[in-house]
Amino acid sequence: MTRRIVLVTGGAGFIGSNIVSEFAADPSLDVVVCDRLRGAESGKWRNLVGRSIADIIAPETLWDWLEPRAQEIVLVVHMAAVSSTTEPDVDKIVRVNFGFSRDLYDWCARHGRRFIYASSAATYGAGEGGFDDHLDARGLAALRPLNAYGWSKALFDAFAARETARGHTPAQCVGLKFFNVYGANEEHKGAMRSMVSQIWPDVAAGRAVRLFKSYREGIADGGQKRDFIHVRDIVRVVAWLGVHRGVNGLFNLGTGEARTFEELAMSVFAAAGATPRIDFVDMPPEIRDCYQYFTQASMERLSAAGYDHPFTRLEDGVAEYVRGYLAKAPSGP
């Protein structure tokens, strides 16, 4: 019997490990993780505990590993990336987020394999052009990301669109523009983990939560808005795409509803049964000019493609994350 392999790059990371958990529950699939686990102190390995995994391979050995298994691979889920929006090494960002992605896309196209990859809402920049998930070259070219991370993701989106137009495309190709994701398995991300995870230690200890002041007229301190989405909703969409092979394109993946950081903080206090305490602090000067004050996913295209499962309400998702995960962590996040 031929093996049916799902390859998840970045499979030990935050979103990747949750996707691994979903596919690993299917006994007909062999899930293979491509990632670097780094040192034991990072705790990244813990994201894979209890998962049925067929193999774990390092990124530098991927190409040699892929070739003899081309006919066994049924799906490549590409979550690997340099995800820090403050990473100073732009060459590194381009090498990983564009170069590695380009080569994996090309491999899938040449071998007729299916390819689902992570894009980002960071491609929209300040959002002055809106948050419509255009796939056409003109719409992609009009985007103005605020940092090198967002630019690298936009660069690959444009590459995939161009290659698709030329007829050089994987059997299925889907890009997902993730908005602000929160949920289990993000502790190893440090300063890049979600705001829920970042403020939880203060809430748990009875300390005040610190949120950024606003530097834009008409927006209150803590009134900056994001489209916060639970990682479970990300996994549901990826699993749905795994079944609906005829769906292709670039899609936003948020809830379609922007909420303020103050509302998010209040949700964490409520989940913990704690009295709200918020201090508004100065935003670091180095990020003031590249700070997004509003993101909200336009979800019409994913809905039109057939996805109709409701997304998790912020208060419900935060309560589940806090009570079912963060509060149970033996040493906190």
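Modeller: Gladly, and please keep in mind that this is a predicted model. Let us begin with arginine 95, which lies in helix H3, and whose C-alpha atom is separated by 9.7 Å from that of alanine 81, 14 residues apart from it along the chain.

Colleague: Why does arginine 95 count as exposed?

Modeller: The relative accessibility of arginine 95 is 52%, and exposed means over 50%, so arginine 95 counts as exposed.

Colleague: What makes tryptophan 63 and phenylalanine 100 an aromatic pair, and which kind of pair is it?

Modeller: Their ring centres lie 5.6 Å apart, and the rule asks for centres within 6.5 Å, which means that the two rings pair. The angle between the planes is 55°, whereas stacked needs under 30 degrees and edge-to-face over 60, so this pair is called tilted. The pair links distant parts of the chain, since tryptophan 63 is in helix H2 (residues 62–66) and phenylalanine 100 is in helix H3, 37 residues apart. By this rule, the count of aromatic pairs comes to 20.

Colleague: Which words describe the accessibility of these two residues, and why?

Modeller: Tryptophan 63 has 30% relative accessibility, so it counts as partly exposed, because that value falls between the limits of 20% and 50%. Phenylalanine 100 has 15%, and buried means under 20%, so phenylalanine 100 counts as buried.

Colleague: Which rings are linked into a cluster?

Modeller: Ring pairs link Phe98, Tyr105, Phe115, Tyr117, Phe156 and Phe159 into a cluster.

Colleague: Phe115 and Tyr117 bring us to strand S5. Why is strand S5 called largely enclosed?

Modeller: Strand S5 covers residues 114–120, and seven of its seven residues are buried, so the strand is largely enclosed by the rest of the structure. Arg114, Ile116, Ala118 and Ser120 point one way and Phe115, Tyr117 and Ser119 the other way, and the residues on both sides are buried.

Colleague: How do you know that S5 pairs with the strands S4 and S6?

Modeller: Strands pair if there are at least two bridges between them. Three bridges join S4 (residues 73–78) to S5, and seven join S5 to S6 (residues 172–178), so both meet the rule. In each case the strands run parallel. Histidine 78 stands opposite tyrosine 117 in S5, and the bridge partner of phenylalanine 115 in S6 is cysteine 173.

Colleague: Where do these strands stand in the sheet as a whole?

Modeller: Seven strands form an open sheet with parallel pairing, in the order S3-S2-S1-S4-S5-S6-S11.

Colleague: What makes S3 and S11 the edges?

Modeller: Strand S3 (55–57) and strand S11 (249–253) each have a single partner strand, so one side of each is left without a neighbour in the sheet. The twist from one strand to the next averages 20°.

Colleague: How do you know that S1 pairs with S4 and that S6 pairs with S11?

Modeller: Five bridges join S1 (residues 5–9) to S4, and S6 and S11 also pair over five bridges, where at least two are needed. Leucine 7 stands opposite valine 76 in S4, while the bridge partner of glycine 175 in S11 is leucine 250.

Technical notes. Residues numbered from 1 in each chain as written. Predicted model: local features only at pLDDT ≥ 70, side-chain atom pairs only at ≥ 80, totals over all residues. Heavy atoms only, no water. Buried < 20%, exposed > 50% of the residue type's maximum accessible area, 1.4 Å probe, protein only. Helix = DSSP H or I, 4+ residues; strand = E, 2+ residues; numbered from the N terminus. Phe/Tyr/Trp six-rings, centres within 6.5 Å; stacked < 30°, edge-to-face > 60°. Axes fitted to C-alpha atoms, helices over the stretch in contact; angles between N-to-C directions.
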